[in-house]
Amino acid sequence: MTEAIIQIHDLEKRFRTKNTEVYALQGINLTIRKGDIFGIIGKSGAGKSTLVRCINMLERPTGGSVMFEGKDMCRLGSRDLQIARRSMGMIFQQFNLLMQRTAEENICFPLELAGVKKDAARERARELLELVNLSDRAQSYPSQLSGGQKQRVAIARMLTQKTPVTVFDDSLSAVDTQTDEKIRAALARERKGATSIIISHRITTLLDCDNILVLDHGKVLQLGTPAELLREEGLFRQIYDMQMAIGEEAET
């Protein structure tokens, strides 16, 4: 069996309010193996983003442990934690593009920080823009791009960094289903052998995953392969049936 890259044991995250404590996550146990495509789905407020933010310690868990490549992330000092985080790329739904840089320049930015020569950085940026089908928007600024196009630039920028793990936090939510499928195929080729964690509200995005976690009110409701979850009369099947019935389109 393939070696585990992330192991989560009894993870919890509590938020204290004026009069009480609220659990965003409770009793989470799961294993993600090297090279897996691991999906996470659940209704709004289920704890999906909180979970992945606990995995890379952007949110500190209030209980349990997160093991990454055999190290307990909760016990790492600031320097070692920073090193570990560099092994986890993360693409947010909000894009986080630099507004004063073109699409090409946004992709070049991390390459420049890594000391890559300008000509080589531009060449790599153009390759990645072609990969996400945006070659014609290389000189466009973020304000000139649609939501889906911004997401594709953010994905191309992420691909400049060869991280063992990449988290996609609903980062294909603003592209249509056809574009979603093409980008996922391109990512599979580009990131062959790497581990991906994909949060998505769109169930078709997750059907190629090795395993899928279904969260509900901060707890594990279901965990299994897409085929296993589709056979169960649970929330995953309910979401699938609803989305197949109404269809799913988003702006490009």
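**A close look at the salt bridges**

A: Start with K13. In this predicted model, K13 is buried, with a relative accessible area of 9%. Its partner is E59: the two form a salt bridge, and their closest N and O atoms are 3.7 Å apart. K13 sits in strand β1 (residues 4-16), while E59 lies in the loop between α1 (48-55) and β4 (63-68), so the pair ties together parts that are 46 residues apart in sequence.

Side chains of opposite charge can pair when their charged atoms come close.

Next comes a link between two helices. R126 forms a salt bridge with E104, with the closest N and O atoms 3.4 Å apart. R126 belongs to helix α4 (residues 118-131) and E104 to helix α3 (residues 103-113), so this pair joins parts that are 22 residues apart in sequence. E104 counts as buried, at 6% relative accessibility. R126 is partly exposed, at 47%.

R237 and D241 form a salt bridge, their closest N and O atoms being 2.8 Å apart. Both residues lie in helix α8 (residues 235-246). They are four residues apart, about one turn of the helix. R237 is partly exposed at 28% relative accessibility. D241 is partly exposed too, at 37%.

Salt bridges can also join up. E12, R14, R16 and E21 are linked in a network of them. Counted over the model, there are 12 salt bridges.

Technical notes. Residues are numbered from 1 along each chain as its sequence is written. This is a predicted model: local features need pLDDT of at least 70, side-chain atom pairs count only at pLDDT 80 or more; totals for chains, interfaces and linings use all residues. Side-chain values use heavy atoms; hydrogens and water are left out. A salt bridge is a side-chain nitrogen of Lys or Arg within 4 Å of a carboxyl oxygen of Asp or Glu. Buried means under 20% relative accessible area, exposed over 50%, partly exposed in between (1.4 Å probe, protein chains only).
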